[in-house]
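Here is a short briefing on one protein chain. Keep the structure in view as you read.

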Amino acid sequence: MVSKNQPENGQVGSGREAALVQALGGRPIILVGLMGAGKTTIGRRLAKRLDIAFRDADHEIEAAANLSVAEIFAQHGEAHFRDGEKKVIARLLDEGVHVLATGGGAWMNEQTRKAVFERGISVWLKAEFDILMERVRRRSHRPLLQDPDPEGVMQRLIDERYPIYAQANVTVLSRDVPHEAIVSAVVEALEDYVKQHPV
C-alpha cells in the first residue's frame, strides 16, 4: 500500500525509516527548542519521512481554546496558556508514535519534561542566536517578542532555557542548511538513541 504521505524522493517506506519507527515502540518524538529553531518546519518533514502523523502543540491548544496563541496570551496571560499547554501535551503523549512540535516554553515545565521522559523521546533543535533572530523576524506573531528589545528577550530566553533544553534525550543543531539535512541529522540521532535505549 502506498502512503498518502509518500514524498517524491521515495525515502518513506525504506527499511531504514520503517526500522526506526518500529524501534520507537510507540513512543512519540517530541521536538523542543526556542521559537525559530524549526520545530514545526522540521517536524512536518520528519513525520513525512517516517510516514507518521505530525502534531503541533500550539495548534492543538488553539483548537481547544478556539483562540490563537497570541489571543490566549493577551486575554488570559502566559500562566493560563502554559497550563493548557501542559494538559494538551500530556494528552498527545498517549496517542502513540507521531512527531510533536512543542512551543518554546513547554519544556520548561517540570511535569511536562517528566511525562515526555516516561512516554516519549525528546529532541532539542538547538540554534544559535543569529539564526533564531533572522528566522523570527520573518514572522510578527510571536507573543514573547512583542517587546521594544526583541534581541534582549531572545538572549534572555537562551540564557534561561538552554540549560533545561540540554536535558532532552537528543540534541541536533538547527543550522542554516536545507531542511532535509536537518531531518536526516534528526533521523541519525534517533537511530543512535533507540539502539542505546531499546523499548
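How many aromatic pairs does the count come to? The count comes to five aromatic pairs. The model is predicted.

**Aromatic rings**

- A pair of aromatic rings is described by the distance of the centres and the angle of the planes.
- One of the five pairs joins Phe 73 and Phe 81, with ring centres 5.0 Å apart.
- The planes of Phe 73 and Phe 81 stand at 45 degrees, so this pair is tilted.
- Trp 124 and Tyr 165 link distant parts of the chain, 41 residues apart. Trp 124 sits in strand E4 (residues 121-126), while Tyr 165 belongs to helix H8 (residues 150-165).
- Trp 124 is buried, and Tyr 165 is buried as well.
- Ring pairs join Trp 124, Tyr 162 and Tyr 165 into a cluster.

**Helix H4**

- Helix H4 spans residues 69-76, and its buried residues are Val 69, Ile 72 and Phe 73.
- Why do the buried residues line one face of H4? Seen down the helix axis, they fall within an arc of 100 degrees, so they line one face.
- An α-helix has 3.6 residues a turn, so residues three or four places apart point the same way.
- On the other side of H4, Ala 74 and Gln 75 are exposed.
- What covers the buried residues of H4 includes helix H3 (57-65) and helix H5 (78-92).
- Just after H4 comes Gly 77, with a positive phi of about 95 degrees.

**Helices H1 and H9**

- Two packed helices are described by the angle between their axes and the distance between the axes.
- The axes of helix H1 (residues 15-24) and helix H9 (residues 179-196) come within 10 Å.
- At what angle do the axes of H1 and H9 cross? They cross at roughly 45 degrees. H1 and H9 are therefore oblique to each other.
- The crossing of H1 past H9 is left-handed.
- On the H1 side, the residues that meet H9 are Arg 16, Leu 20, Ala 23 and Leu 24. Their partners in H9 are Val 187, Glu 188, Leu 190, Glu 191 and Val 194.

Key
Residues are numbered from 1 along each chain as its sequence is written. This is a predicted model: local features need pLDDT of at least 70, side-chain atom pairs count only at pLDDT 80 or more; totals for chains, interfaces and linings use all residues. Side-chain values use heavy atoms; hydrogens and water are left out. Buried means under 20% relative accessible area, exposed over 50%, partly exposed in between (1.4 Å probe, protein chains only). Helices (H or I, at least four residues) and strands (E, at least two) are DSSP runs, numbered from the N terminus. The arc is that of the directions from the helix axis to the C-beta atoms. Contact means heavy atoms within 4.5 Å. Rings of Phe, Tyr and Trp (its six-membered ring) pair if their centres lie within 6.5 Å; planes under 30 degrees apart count as stacked, over 60 as edge-to-face and the rest as tilted. Axes are lines fitted to C-alpha atoms, for helices over the stretch in contact, and angles run from 0 to 180 degrees between N-to-C directions. Angles under 35 degrees count as roughly parallel, over 145 as roughly antiparallel, 65 to 115 as roughly perpendicular and the rest as oblique. A crossing is left-handed if the near helix is turned anticlockwise from the far one by less than a right angle, and right-handed if clockwise.
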